[in-house]
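Biologist: Thanks for sitting down with me. Could you take me through this model a piece at a time?

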Amino acid sequence: MIKPIVLIAEELSPATVEALGPDFEIKNIDGTNREELLKEVATADAILIRSATQVDEEVLTAGKNLKVVARAGVGLDNVDVLAASAQGVMVVNAPTSNITSAAELAIGLLLSSARNISPAHAALKQGEWKRSKYSGVELSEKTVGIVGFGRIGALIAQRLAGFNVRMITYDPYIQPAKASQYGVKSVSFDELLEQSDFITVHLPKTPETIGLIGKDALKKVKPTVHIINAARGGIVDETALYEAIKAGKVAGAGIDVYAKEPCTDSPLFELEQVVATPHLGASTEEAQEKAGISVAKSVRLALSGELVPDAVNVRGGLIAEEVRPLLPLAENLGRIVCALADSAITHVRVSVFGELIDHDLEILELSALKGIFSQLVDEQVSYVNALLIAKERGVEVELIKEPLSPDFKNLVTIDITTTNGDFFSVAGTLAGATHVGRVVGMNGFTVDLGFSDHFVLFSYIDRPGIIGKVGAIMGDEEINIAAMQVARDRQGGNALVVLTVDSPVPHEVLEKITNAVEANYGRVVNLH
């Protein structure tokens, strides 16, 4: 069996390879070597990177088999996420792997800045004893402003709680009640600038946050303030910060990240009031191991066709455990209903009935589209680009949630409309403790069939002798019937026979049966 190829383009912890397991062919390359990267990515199914490897549109285009780009860390500045999405490539990262390490480094920079640890250390190592020059300030009874109160901001608050400080935060996207749970008061940005003795930044880098703490903001701070940035380079304007410190308008700073990295010549490095580190936020053994293990698990999920909770370019977010078993059900139903259509699809409706409607179910919509378009297009269809393909083809998509499911605990129905006005529908549910998928409805007929690799179905006018004719032709062609369901709307009315078979049914056999039973239509469905 040919194993999927996984490129490891930068040095990762040994635990990463161990977490990948034996099911993949692992290739180690230098991701900064452009020629080698473009050559090796051409046959790769996945690539694991850190911050040095640039995965841009050129790399993604070269990676014709690429299904997932995994960044062993938080930031994705070096990955063209839009280009990846357009090509159906999942992008994953490890968003919680380094939060403890990043928070601890920020605290370290804050303390170092407050007590002048860095310049005092350098002076003493040069044989100079300068106690009076490097006198610092206490944190106790000071005000610490936390810019951004996400996971790292909350960890900062937890760690500062023992220092007897007053804590305030600016974050327009959180409820004040969340901050108050940590003893932190939510304030406006201007209030934070004016009141803080220490400001520590914990925001993502976005067009809105670049230069947030720049020349205008630094005009509003206390001259005794210390500013810490261990989040993303560029959020604090380095030139403006340098000028403010030189002018005595800012007392000191702790900087771990820079607008351009690697950075070895910032004017900030000239200042004793600045403690600077080379982007060490995630540089602990624990964080690297967590990141490697996290993305290795994500790669395993992605290459097995499952959705990854840490995928950054998939709508739907974290999947509830109760919803997860419905993903393959919705995808298989999508494959079946697509096979029923004989003209272009114009509308897809995914309906979910039952007790799961309180959960986020957008991912089921993506699963259904993934199943539908995998039957229609030559390109790779994934959770990433399924909705994009629908939009490109002018297919309207809607998700319906209904609380009542009279016959089943939970029911998923996928309906499609085609250009010639036809309407097709398939319904399914999960049975038993092991969540076995069942097809329970098809075009308004009630059926009860387990999923199989191969289905064949015929619609005809109900009359005697039809089943015998179907069975006889199948027998003559040595196609074994595993299960059969017959349904009708009334005696002598429209009827449907659905077979699960052990091998594919060739088109000529389908046509022979269709003609023999004078079927309204016959369809073959191959799920794999």
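Biologist: Is A122 buried, partly exposed or exposed?

Modeller: This is a predicted model, and in it A122 sits in helix α6. Its relative accessible area is 35%. Buried would need under 20% and exposed over 50%, so A122 is partly exposed.

Biologist: How far apart in space are A122 and E272, C-alpha to C-alpha?

Modeller: Along the sequence, A122 and E272 are 150 residues apart. In space, C-alpha to C-alpha, the separation of A122 and E272 is 9.8 Å.

Biologist: E478 is not a glycine, yet its phi is positive; is E478 buried or exposed?

Modeller: E478 has a phi of about 60° and lies in the loop between α16 (466-476) and β20 (481-488). Its relative accessible area is 72%. The cut-off for exposed is over 50%, so E478 is exposed.

Biologist: Now to α11, please. Which residue caps the N-terminal end of α11?

Modeller: Helix α11 covers residues 238-246. At its N-terminal end, a side-chain oxygen lies 3.0 Å from the backbone nitrogen of T239. That oxygen belongs to the capping residue, D237.

Biologist: What covers the buried residues of α11?

Modeller: The buried residues of α11 are E238, A240, L241, Y242, A244 and I245. The elements that cover them include α10 (215-218), β10 (226-229), β11 (252-255) and β12 (274-276).

Biologist: And which residue with a positive phi follows α11?

Modeller: Helix α11 runs over residues 238-246. The residue that follows has a phi near 80°. It is G248.

Biologist: What is the omega of the peptide bond from E261 to P262?

Modeller: P262 lies in the loop between β11 and β12. The peptide bond from E261 to P262 is cis. Its omega is near -5°.

Biologist: How are α13 and α14 oriented to each other?

Modeller: Two packed helices are described by the angle between their axes and the distance between the axes. Here the axes of α13 (residues 326-340) and α14 (residues 362-373) come within 7 Å and cross at roughly 40°. The crossing is right-handed. Roughly parallel would need an angle under 35 degrees, so α13 and α14 are oblique.

Biologist: How many nonpolar residues are in the contact of α13 with α14?

Modeller: From α13, the residues that meet α14 are L326, L327, A330, E331, G334, R335, V337 and C338. Their counterparts in α14 are I363, L364, S367, A368, K370, G371 and I372. By class, the contact has 3 polar and 3 charged residues, and the nonpolar count is 9.

Biologist: One more: which residue's side chain makes a polar contact with that of H454?

Modeller: H454 is in strand β19 (residues 454-461), and it counts as buried at 11% relative accessibility. Beyond its neighbours within four places in sequence, H454 is in contact with L499, T500, V501, D502, S503, P504, V525 and N526. The polar contact of 2.8 Å joins the side chain of H454 to that of N526.

Notes. Residues are numbered from 1 along each chain as its sequence is written. This is a predicted model: local features need pLDDT of at least 70, side-chain atom pairs count only at pLDDT 80 or more; totals for chains, interfaces and linings use all residues. Side-chain values use heavy atoms; hydrogens and water are left out. Buried means under 20% relative accessible area, exposed over 50%, partly exposed in between (1.4 Å probe, protein chains only). Helices (H or I, at least four residues) and strands (E, at least two) are DSSP runs, numbered from the N terminus. Contact means heavy atoms within 4.5 Å. A polar contact is a pair of N or O atoms within 3.5 Å; within protein, one must be able to donate a hydrogen and the other to accept it, and residues adjacent in sequence count only if both atoms are side-chain atoms. Axes are lines fitted to C-alpha atoms, for helices over the stretch in contact, and angles run from 0 to 180 degrees between N-to-C directions. Angles under 35 degrees count as roughly parallel, over 145 as roughly antiparallel, 65 to 115 as roughly perpendicular and the rest as oblique. A crossing is left-handed if the near helix is turned anticlockwise from the far one by less than a right angle, and right-handed if clockwise. Ala, Val, Leu, Ile, Met, Phe, Trp, Tyr, Cys and Pro count as nonpolar, Asp, Glu, Lys and Arg as charged, and the others, Gly among them, as polar.
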